[in-house]
Amino acid sequence: MKKYFDYTGKVVVITGASSGLGKQMAEGFAAVNANLVLLARRVERLEELAKELHAKYGVDVLPVKCDVTSDESIANAVEETKKHFGHAEVLVNDAGGEKGTGTPLLDFQNSDWEFTLNLDLTSVFKVSRGFGNLMKEGIAANKQTYGRIINIASIYGLVGNTALPTIAYHTTKGGVVNFTRGAAAELATSGITVNAICPGYFYTELTEETLKSDYFQEFAHRTVPMQRYGNPGELNSVAIFLGAEESSYITGQSIAVDGGYTAV
């Protein structure tokens, strides 16, 4: 009987892997035997995580310092991956950040808008282009049989938000959702699928204190049908599903993982 979702011998590249959802997904993929390329600017955190995952799961983990807004840095990450592994089956575009959160649209600054678009949207295009070419090359050379690009968008790429003004964030995440559709259509005959995950609110080391505040606990009970936020690891199964060789007929989709937030 076929064993589904076995990543033995497969390589998964994750941007923004030094913390938060990227770090959580790195452990999820390691648990199903994937070798990993961890990308972020804080390389010391990546090195520490690489040691932890190798010791715990026995997988090969390559930490690479990478600024996803820099063409040169992305090209270096692709080259390091190629030198170390020779191929990469899965790319998870998780890196991101924002400026101007809480600022109303009519007061929003150009510099904050440009920062967020560059980091949250343009980087997805650039990193996908770089590693997509590596996937195409690997498939042509029979080093791998498939490629998967998974873009981490947001529920706020699907709906608006009255809790807190985040206009640039909404714009970039909506762009990621439609970039996913466009890229999926272009790459549909290449053996590479492109899908997006739209997380709701998740507990991470950066959000835990805020989400446990009285305001956000009340917000969860009022707006999330499950009346809670996502726990660490609850995004991993969707990423593993979308990245798997068996998921060869799903492309161009955006899956909300939000406790039902966008269902009502």
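## The second largest pocket

In this predicted model, helix α4 makes the greatest contribution to the lining of the second largest pocket, supplying six residues. The space in this pocket amounts to about 280 Å³. It is lined by 14 residues, and S128, R129, A183, E186 and L187 are the closest to its centre. Two or more lining residues come from each of α4, α5 and β6 (192–199).

Sorted by class, the lining of the second largest pocket consists of seven nonpolar, four polar and three charged residues.

## The largest pocket

The largest pocket has a volume of about 1300 Å³. Its lining is made up of 44 residues, with G96, E98, Y169, L206 and T207 nearest the centre. Elements that give two or more residues to this lining are α1, β2, α4 (110–140), α5 (167–187) and α6 (208–211). By class, 21 of the lining residues are nonpolar, 16 are polar and seven are charged.

Is T116 buried or exposed? T116 counts as buried because its relative accessibility is 0%, and the cut-off for buried is under 20%.

Leaving aside residues up to four places away in sequence, T116 touches G97, E98, K99, L121, A168, Y169 and T172. Among these contacts, E98 and Y169 also belong to the residues nearest the centre of the largest pocket.

In soluble globular proteins, nonpolar side chains tend to be buried together. Here the largest nonpolar core contains 33 residues, and Y7, V12, F29, L36, V92 and I197 have the most contacts inside it. At least two residues of this core come from each of β1 (11–15), α1 (20–31), β2 (35–40), α2 (43–57), β4 (90–93), β5 (147–152) and α8 (236–243). The largest share, five residues, is supplied by α1. Another core, of 25 residues, lies apart from this one and includes L39, I74, A88 and L91.

What does I197 touch, not counting residues up to four places away in sequence? The contacts of I197 are I150, N151, I152, A153, S154, L235, V238, A239, L242, I255 and V257.

## Salt bridges

Side chains of opposite charge can pair when their charged atoms come close. The whole structure holds eight salt bridges. One of them joins K10 and E245, whose closest N and O atoms are 4.0 Å apart. K10 lies in the segment before β1, while E245 is in the loop between α8 and β7 (254–257), so this pair ties together parts that are 235 residues apart in sequence. K10 counts as buried because its relative accessibility is 16%, whereas E245 is partly exposed, with a relative accessible area of 37%.

A salt bridge also links K83 and E80, with the closest N and O atoms 3.3 Å apart. Both residues lie in helix α3 (residues 71–84), three residues apart, or about one turn of the helix. K83 counts as exposed at 58% relative accessibility, and E80 counts as partly exposed at 25%. In a further salt bridge, the side chains of E234 and R228 meet at 2.9 Å, N to O. E234 is partly exposed, with a relative accessible area of 32%, and R228 likewise counts as partly exposed at 35% relative accessibility.

Terms used. Residues are numbered from 1 along each chain as its sequence is written. This is a predicted model: local features need pLDDT of at least 70, side-chain atom pairs count only at pLDDT 80 or more; totals for chains, interfaces and linings use all residues. Side-chain values use heavy atoms; hydrogens and water are left out. A nonpolar core is a set of buried Ala, Val, Leu, Ile, Met, Phe, Trp, Tyr and Cys residues joined through side-chain atoms within 4.5 Å. Buried means under 20% relative accessible area, exposed over 50%, partly exposed in between (1.4 Å probe, protein chains only). Helices (H or I, at least four residues) and strands (E, at least two) are DSSP runs, numbered from the N terminus. Contact means heavy atoms within 4.5 Å. On a 1 Å grid over the protein atoms alone, a cavity is a set of points where a 1.4 Å probe fits but cannot get out, and a pocket is an open set with protein on both sides within 12 Å along at least five of seven lines; lining residues have an atom within 4 Å of a point. Grid points are joined across faces, edges and corners, and a volume is the space filled by probe spheres set on the points. Ala, Val, Leu, Ile, Met, Phe, Trp, Tyr, Cys and Pro count as nonpolar, Asp, Glu, Lys and Arg as charged, and the others, Gly among them, as polar.
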